[in-house]
Amino acid sequence: MTMKLYGFWRSLASYRVRVALSLKGIEFEEVSINLLQGQQHTDAYKAVNPQSVVPALVVDGGQPLFQSLAILEYLDETHPQPPLLPPDARGRARVRGLAQIAAADGHPLIVPRVRGYLEKELNVAEPERNRWAAHWTLKALEALEAHLAGERETGRFCHGNSPTMADICLASQVFGARFFDCDTAGVPAVMRIFGTCMQMDAFDRSQPLKQPGAPASPAH
């Protein structure tokens, strides 16, 4: 299969897909859609993803796949090794739940279109917008911490001793916390697992600041 990923260096959702592709050893071409310059709103990109968000994944020239968790599930079904979900139904439900705390609850509150609305429509100043983003980012990490610190299924990774979809989403949320200067001292289980993930090449080389076009240090 030939795969083309439309993403952006800073996009946490794009990071999730890059990690999954790398874990599974899938070669891909990445096309940068600069969210900070508004390239997601061009007619050319709207033809790829009418929602004007990244990522989108084109496989063998077909209709683009969209939404990072759906893309991760597709990759796991079409390239089952190594698996991103446990073999048992209860384990899969737990991993999906952990993943959604980050990708479906925390992250959507800090994406560019939300921050842009706060700025342009509600006249929220930048310091308050950044406090908003930091608050909701940390809330998601605290929810993850409560599960990971208190449940016996937690191992070296979120669920057992192999990385899953939950670890990919956890890592993306930690990078979001770094973007907004969150104090992560109160989530030690999260940070332990993040450290374990970052020892893996797939997580490390996919990280935002190692992508083409990324600055040495990101602004909010």
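These legends describe close-up views of a predicted model. Local features need pLDDT of at least 70 and side-chain atom pairs count only at pLDDT 80 or more, while totals for chains, interfaces and linings use all residues. Residues are numbered from 1 along each chain as its sequence is written, and side-chain values use heavy atoms, with hydrogens and water left out.

**View A. The four-stranded sheet.** Four strands form an open sheet in the order β2-β1-β3-β4, with mixed pairing (strands are DSSP runs of E, at least two residues, and helices runs of H or I, at least four, numbered from the N terminus; strands pair if DSSP finds at least two bridges between them). β2 and β4 (65-66) are the edge strands, each with a single partner, so one side of each has no neighbour in the sheet.

**View B. The strand pairs of β1.** β1 (residues 3-7) pairs with β2 (residues 29-32) in the parallel sense over four bridges; Y6 has V31 of β2 as its bridge partner. β1 and β3 (residues 56-59) run antiparallel and are joined by four bridges, with M3 opposite V59 in β3.

**View C. The contact of α6 with α7.** The axes of α6 (residues 126-150) and α7 (residues 165-179) come within 9 Å and cross at roughly 140° (axes are lines fitted to C-alpha atoms, for helices over the stretch in contact, with angles from 0 to 180 degrees between N-to-C directions). The contact (heavy atoms within 4.5 Å) involves W136, T137, A140, L141, L144 and L148 of α6 and L170, Q173, V174, G176 and A177 of α7.
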